[in-house]
Structure formats: C-alpha cells, structure tokens
Amino acid sequence: MLRLQRHVTRLGFNRYNQSRRPLSNVADYKKVNKLLVANRGEIAIRVFRACTEMDIRTVAIYSEQDMQHMHRLKADESYLIGKGLPPVQAYLNIPEIIQTALENDVDAIHPGYGFLSERHDFAQACLDAGITFIGPKPDSMRRMGDKVVARETAIQAGVQVVPGTPGPVRSAEEAYEFCKEVGMPVIFKAAYGGGGRGMRKVSTLDEVKEAFERASSEALSAFGNGDLFLEKFIERPRHIEVQVLGDKYGDVVHLYERDCSVQRRHQKVVEIAPAPELDPILREKMLSDAVKLCKHVGYENAGTVEFLLDERGNYYFIEVNARLQVEHTVTEEVTGRDLVYSQIRLAEGRSLKDLNLTPEQIQVNGCAIQCRMTTEDPARSFQPDTGRIEVFRSGEGMGIRLDSASAFAGAIISPYYDSLLVKVIAHARDHEHACAKMERVLREFRIRGVKTNVPFLLNVLRHKKFLSGVVDTYFIDENPQLFQFTPSQNRAQKLLKYMGEVMVNGPMTPLATDIPPSKIQPTLPHLPFNSNRPRGWKDVLNEKGPEGFAKEIRKNKGLLLTDTTFRDAHQSLLATRVRTYDLKKIAPFVSHNMAGLFSLENWGGATFDVAYRFLHEDPWERLETLRKLIPNIPFQMLFRGANAVGYTNYPDNVLTKFCELAVKSGMDIFRVFDSLNYLPNLVVGMDVVGKAGGVVEAAISYTGDVSNPEKKKYDLKYYTDLVDELVKAGLHILCIKDMAGLLRPQAASMLIDAIRQKHPDIPIHVHTHDTSGAGVAAMLSAAKAGADIVDSAVDSMSGMTSQPSMGALVASIERTPLETSVDPKDINQYSTYWEQTRQLYGPFECTVSMKSGNSDIYENEIPGGQYTNLQFQAYTLGLLDQFEEVKKMYKEANLLMGDIVKVTPSSKIVGDLAQFMVQNKLSPKDVLDKADELSFPQSVIEYMSGMIGIPPGGFPEPLRSKILKGKPKSDGRTGDKLEPVDFEKLQKELEEKHDRPMSEKDVVSSALYPKVFDDYVEFNSKYGPVDKLDTRMFLTGPDIAQELDIEIEKGKTLHLKTLATSDLRDNGQREVFFELNGQLRTVYVKDKEAMKEIHEHPKASKGQKGSIGAPMPGEVIDIRVDVGDTVEKGQPLVVLSAMKMEMVVNAPIGGKVKSVAAQKGLKLLGEDLLVEIEE
C-alpha cells in the first residue's frame, strides 16, 4: 500500500502539493528523501505516516527492549541502537543515532517529543553531520528550550512571566533560599524538558530537599540533564498553550490555542482545542504575545508557547516547548492542517506562504478533544501498570481519530517507557458534542490484561464542570468523585484464565474419586411457556405470617413433605458439591409441578461453607436466585443455634444480622438446633430468628432409642421436657432431628405420640437419614402418630445416608387419610433429572465406597453425612479395610465423651477422637489412663473447655480435666461473653484489603468464615463468575477443540472454543489458545510442576499492613532502610522508577524492619515484596 501511494505521488497526485507558486527561495530548498525518527511509539508512527504520504522513505531506531514494538515495523527500515544501555539511555545516545543516520543515507531526522526533542546539542549534531533537523534552529532551542533563558527572553520581548529563579538551581540549599524569599508554594521544573517529568510542587519548606532530589533525578533520567529552575506556583490557573509555526524567512503564525488544564502530576490528561469559554479579547492578546515572542527570537518550525491564566484574567508566560507536542492532534483536527507535514516542508525551506499558512487562511472548525489513554491505574494514584494486553477492542466511528503504537492484543507493556497507550481524539461541531462523541468511543474500548485510566476519563467527561468547558489545573484534585469507579467485570477473560488453569494444572476444586464427570446433558422436564404457578405454602405464609402459618399446618389433613434434594440429600451423597447451576435449571419445574411440597430445604448447614470454599460461588446469590425461580414454596435452612452456619460460637449480633439478611434474601423457615441440645444456645437462635421475621422451627436432636427401656439417658422424659422448654421459648414448629437415622419405627410412634399428647397445637416436623434402610417405615410411623411434616429426598437422590425416598413415601400413603398432594408422575420426572445430573458429580459419588445402607448405625450412631465422609476419608487414604475399626471406635469415643448428642459440630469432635484413637492404636482405657500426656485434637480440647456448650449430664471427669491440663473452662453460653462484631469497621477493613465494595452480606460472611471468605473474594477477583460454567467445565475443564456456550447474564452469551495448549516456555508458563466469539484469545498459565524448579520473587501478603509490596512494576533505585531499623509511619523505605517516573514507597505503619526483599537495581512486578515491618 505504501509503495502504491508513492507511485501515485510520482504521477503528480500528491495531495500535500498545496501550492503551485514558486518557492520563496529556491536556493534554500533542500528536499527530504529519507527521514529517521529519533523516537519510539505512537509519535514515531505518526511521523512515518506523514512521510509515507509525502513519498519520503522512513527509518526507525529501537532499543533492545523495543525489539517487538510496532513502530519499528511501520518504517521502511529499522535499526537497533543502544545495545547494552538502559532503556531510556538508548534513545539519548546522540553519537550512535547520528552514526546510524549517516550509515543509512538519512538526510533528515525528526525528534518527535520527549527524549532528545528539546536538546539543542542534538539539533547541532544533526546539522554538523549535514542532516536536516526537523525542528527549530539549535540557538532557538537553546534559548527557548532552556526554561530559564526562555523567561529572560520573554521579559525582553515584553511578555509577562511568572516570578522565578534567574537560572538553574544547583542545590537544595539554593532552592531553600529562593523559597524563603518568594514564599510558598513553589514548583520545581526541569530546565530541559516537559511532560510533567522533573516537576514537583512544594508547599512547605520541609519538603524542599526531597522534592529537589526526586525532581532532579527524574529530569536526568528523562532528558539526560537534571538541571531545575523554580517558579512561584500560580494558584487555580488554566493552562493555555498556543501552537506556532515559523519559517526560515522570519515569518511566524499561530494555529490558535489549546486548553490543557486537566492535569495530574503536572501531566496533561485531556486537551481541548480551541480553549472553551475563553474571552475573545484575551485570546487575541495571548495569541499575539505568542507570535511576538517567537518573532523576537527568529523562531523556526513548530513550537508551543505556554501560559498560565489566573482567575482574574491575568496570564503569564511559563515556557516554550520547542518541539511538536503530544496534543498537536487537536489543533490538526480543528484547523485541518497537518503539523508534521508542515514541519518537514518548513525544514526543507518552504515558507509559510508556500504552505498556505497565513493568518487569513488558518481558521478554526468546531471543537476537538484528546484523551490520553494510559496503562495506569487511577484507583491507585495512577500507578503505571505493565504486562501483556490480553484483549484489545478499540472504539471508532465518525469524528474519531486514534494515534497509537502498542494497542493490540498480545502487546507487552514494559515498565521502561511512558505509559501512553492510545491518543483518542474526538472532533465535533462544539464542545458538548465532542464530549458526547468522546464518551461514546471510550465506552466502546475493551482492554484486558493491564489497567487503564479509561474509567477515570469517563468520569471526567461526565462531570458538569468539564462539560461547561471551564476547568483549572485543580480540577482533578478537587473532585474526588472522579476516582469513584465501577470495577470492570472482565468476565470473559477471567473465565478463560480459569479454564486455562484447569487445563494446565488440573481441577481447582479437590476431587474425591477417580470417576470423571459425565458428558451427559441432563434432560429438563417439559414446562409450558408462561404457565401460571399454582398456589403453594409460601403464599399461605405471606398471607398469615408465622403464627397463622403454623395453625394452617395443623389444619391440613394429609401428610406434608419437605424436599431435601436441594441440600441435605447431596450433602450426604455428593459431599455437598451440587452447584447453583444445576439447581436453578430444575427450579422452575419444582415451582410449577411440586407446589404441594411444604418446603424446600436448600440452604444453611454445610452448603454455606462449601459454596464459598469449594464451589467458588456466593451462597447468598444462590438463595436469591432460587427465590426468584420458586416464589410459591417456602424455603428452609439449617441454623446451628449459637453457631449460625459455622462450627463455633459467634457474638450474638452476628446471629442477629445473619438472620435479618437471610429473611430479606428469601429464607422462610429456620430449623434451629444445637449439637448438644444445649438449651441456652437453642433459645438464642430461636430469639434472633423470631425477631428477624422467620418461622422458628426449633429442633431436638435425637439420639439413643426411646423404645429401649435399658437406655436411660435419652428417654421419653428427656425429650418431652426439652420440648416443653422450647415451646415456652416461642417456637412455631417443632422438629425431631434424627441426624444419624436412629429413630426406629416403634420409637417414632412413641416419641411423636408423647409430644402430641402434651402439645396438640404444635406442628411436628420429623427429619431422619435412611442409613439403616428403615427411613420410610420410621416416617410412616411418625406420620400415623401425629407428625405433620416429614423430610424426604427425590428417589434418585434418596436412601443410604440421605433421606427416605419421596416416591416411596407418596406411594405408601396413596388413597389413605395421609395422602399428599404431590403427583407421583411429577416425582418421576423430577427424579429423572437428578439421576442424570448426579452423573456430573462422579468425583464426589459416595457409592464408590458405600454400596448400601447399614443397620450397624444403631450401634455406632454415626450421623448420615459424617458416615459418608468418614468412609470417603478411609477410601482416599487406602484404609477402607480399617473403616470397621473406625466405626467401632466412634462408639467408644462417644462413650468417652459422655454419650453425647452427635450433630455437627459435636459429631465431628467424636469423629476426630475416634480417628485419633485408631491412628495411635489407643483403647478407651489407654485414653483414660494417658489423657494427661496425650496431645488430643484441637476440636476435642475446645469441646472439653465448653466452647460449644454443655452436654446433657455434664462433662466426663476426670477425663475433662486431664485433657485440658489446666486450660480455662467455660460452664455457660460462650456467645454472650464474646465482644460484638463492629460491622462498619469490618466492612472498611474488607474494602481496604480486597479493593472492592462490600455488602452487608459480605461482611456477615466474613464474620462467620474470615479466611474462607477472603479466599473466595480473591478467587472470584482472579477467575470471575465460574458459577456460570456448566458443571463438567467447572470441575475438569474443556477438551481441546470443544465448543461451548456460556451465558454470563441474560442476553449475553459467550461462544467459546478451545484450540491448543503450548509447550512449556522458559519462564515456566504455557500459553492456552481459545477462540472467543470468533476472535483469538490466549492466556498464560504457570505450570505448577515446572514452577517448582524456578525461583520467583515473593509477593507481599495481602491484608497485612506490615508486608509492603511494590505499588507498581519498576526498578529499585534506592533503599532507605536496613533490617533491624526502627521506622515511623510515613518514613521513606524504597524508591522505585518506572515509565520515567519515580515513586517513594513510605511505611504504612511504624515498627521494626523485619526483612528487606528489595535490592538496588532489581526489576520488580507489582505487589512484589519490598519490606516487612513488625509493629
């Protein structure tokens, strides 16, 4: 294409041949045929484009770090320079640049902006070598580029200047004296460069020394000269700059002004041409002064005269940038003049008149805005970000111009150079429409892999003050709302990272068996579109409230069923691993076809913990999602009294807040129980549920055998007395919770009848596990004795350690007074879905080790879910042959503990002791005799200390005292001794730790499970909404060449195809290739096995204030502390340099330096550990 353009040019169709009249002075004309750009990035490409259109051959130079950079590929020729030099120094190496130009027949050099663009010695070196320099004469550059000399010249020309030093300041002491003389604030400026580098505002005298050192170092790094000068800092100015062009014949014109007031760290962020709402008279004065000053010095080529305009209409000259500016684009858009073309033609010897650049011919058309899109994180003080651009989709459309170099998928953003990614320019008829156009195009961009300032730019463009057109340089500092961002979801790329991780390193949730998830797609029962949901018991609850609801239950003639399929059934059979993804698919069918169910048990208990820990999904979202899909059936949950949904006691305000939020999220019935039937814990749970508006279903946890007169501890009187107390405490429903499946049919009849005789108006709900195989019989006996409700699971999820079969129960009482309103045909369809879905959870299938129920449960009394878990543990450890011994020892452990009620967490404590005894080959006598010298499991110690309550009959002595070995004992309710949680404080801590807003539900979850919740947030932040993946993808990942659709929200579906996984790279990573919505996407994944052989710099520990990480990628240039030093909060620790910017990392806390991981010259990534401080 470039060659075709040149061919057209040779035929005489060059659109830049704007004038046919003779040159002003043919003798001075020297045509440029081959041009080298002594720069990099987008400005190099910008110049190349103009040269191509002018039939000029182009040459690029590049550093070792820019080997893969786009600018070298856009040129006709490109040459490596600065081999072995630091990245910036490569582009400051004047002798090598000149040598490269001479060796390759270059006859002109364009300096771009930055680097050598304002170095008069570079311009002189070009001229000395016979090379045309595209810019001002060396003498003009010296006079105008040296900010101090430029001030003197402006004064000579009659242009007002800001008070400042007459020359460069050579030391901090000299700067200090100036500050004392003129007063504060002042500002340091680099004498030989701009762009905010080497600039530091100083507000107090104490800051002078540090500011001088940092500004000087920054200027030296950016421009090769660390000279600084000082000026009085003008408060609340607008920053107005005038674009000028001068020719070799003494003529100078302006191309109007730009407003560059939107700045941070003295760097321009948004530029506008022309300056909005600028008084026309004031504009003419500024334009006239700019031209006057440039004519005074005989200025040639392009330059920018910069002014500060205060609130009173006074303006002050501050500097001339003797080069092309980053923001030249907006001037080009509103004037229609190509400034790079003009620069080259003027350098060749053309006059302004030759180029039709006279005041009469230069007109402004509309308004243009430029936004500098950078790889900086505005949420972290604009810290530069580096890395690989994983996704890049640009905006475009009418009136939009994009100038870029590194903006493409796969580009590597290095820490060595400026953070500019894309210059986005919008041109419209006025400021308002240009803002609208700019906002639209920025919203179209999708950039993933590195942080950008796009959210900040969007906030600027929406701000009323900016839209008015008048802002000053304080605009960003005075509007903190500009830094309030809605975090980018980046869902697609995060999901690709997750699948790539699974493909390279295997499952990210532990799998218990070797059975892979099936490839089956479960068939959903047919459901007519828009069919009306039948009335259900939830409607009764909504209308009558909890008390009226309880009365309606007693009025009901048939047996009511609770379905546990959504929780306890899969807890018992599939390790609680069933995901919301599969629950919500069948939910509409349940709502429409099984509305006769009394309730769905779908929350609480282990599901809360497992959802966060292993399924990486939010249990609150599960509850709210199911509530929307099933609005007509009451929801039921397990609530562990003082333990809530955890395994320990919590402060009472945590219980209260949890129940309030659960009710708001859709929970109805709370089955409140205590693992020891400890009444104070039960009552506090009942109380908080009742106050939250929930239905209080108080549970007595059943153990023993009331039908066996030889078992005295847990007889009928024990249970009926406990029921009396619960009724007094204010229950709505009574539950018999038979966790281990010990309730035999005869015992069920006896217990229910005894309770019914004393409490005829209380609804009775019975729960059991079918471990013995007698579950259906026991539930039928309970129903005949007066139970109103029994728990069951759909057939394909029933039996063994789960609940009795729903289908069997329904069939057994058909055509009897107990007949239910649930249709057996609907149960069959429901069961078919779960029979297929269960195959997806093969990795957790209990039938690997458990082939049937077992009636020895009546002896060992192991609860259903725990029975499954213990057998799983024995299987995975290769100790299945010892499971019988574990069961026997479970019975003995229970007796050692005092024959206690065994429900989570007390059942786990007995299990821990049993395994401890098996592993250490201890008999019950050994435990009793050696208790004071054995190291018991922590759970046993906490139990004996009274942490979870007091068991019926008290603790066994002297065993308790021997186990505790003098540790404190608690003989009351632990929760009322605990300090209330400060939710506001916890919310702030979580938001600071995880850098995201936290809801009330998040805070409560953290109070319940601090580490589990932290891990979930971190996982979610890294891998996104993995709950949107189907179950096989979630567990084991996709196959190569597999295609799948992922619905991330209603109306938004990702179409994905896995392509390949690369061989191992030297850095221990593999690249995984995908096709997403038809576009190639790749992610890099660390191979965990390979990484064992590769050293990585440690990362700072998130959430620990004393563990201080690098706030940005960069190089360590100074270390201010040593191990053992005592530091104060705010004291400098380390100085980093990145993208030509220096940053001092200060101590966030006071304390003693424990370790220093940083080393001078070390190149670090973001969050790499720098220093550890002990408070």
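Trainee: Which elements do the buried residues of helix 8 pack against?

Mentor: They pack against helix 7 (138–145), strand 6 (186–190), strand 8 (228–232), helix 11 (280–296) and strand 13 (315–321). Contact here means heavy atoms within 4.5 Å. Helices (H or I, at least four residues) and strands (E, at least two) are DSSP runs, numbered from the N terminus. Mind you, this is a predicted model: local features need pLDDT of at least 70, side-chain atom pairs count only at pLDDT 80 or more, and totals for chains, interfaces and linings use all residues. Residues are numbered from 1 along each chain as its sequence is written, and side-chain values use heavy atoms, leaving out hydrogens and water.

Trainee: Why is helix 8 called largely enclosed?

Mentor: Eight of its 11 residues (147–157) are buried, so the rest of the structure largely encloses helix 8. Buried means under 20% relative accessible area, exposed over 50%, partly exposed in between (1.4 Å probe, protein chains only). Among the buried ones are Val148, Val149 and Ala150.

Trainee: And what makes Ser701 count as buried?

Mentor: Ser701 has 0% relative accessibility, so it counts as buried. Ser701 sits in strand 27 (residues 695–701), and beyond its neighbours within four places in sequence, its contacts include Phe673, Tyr719 and Val901.
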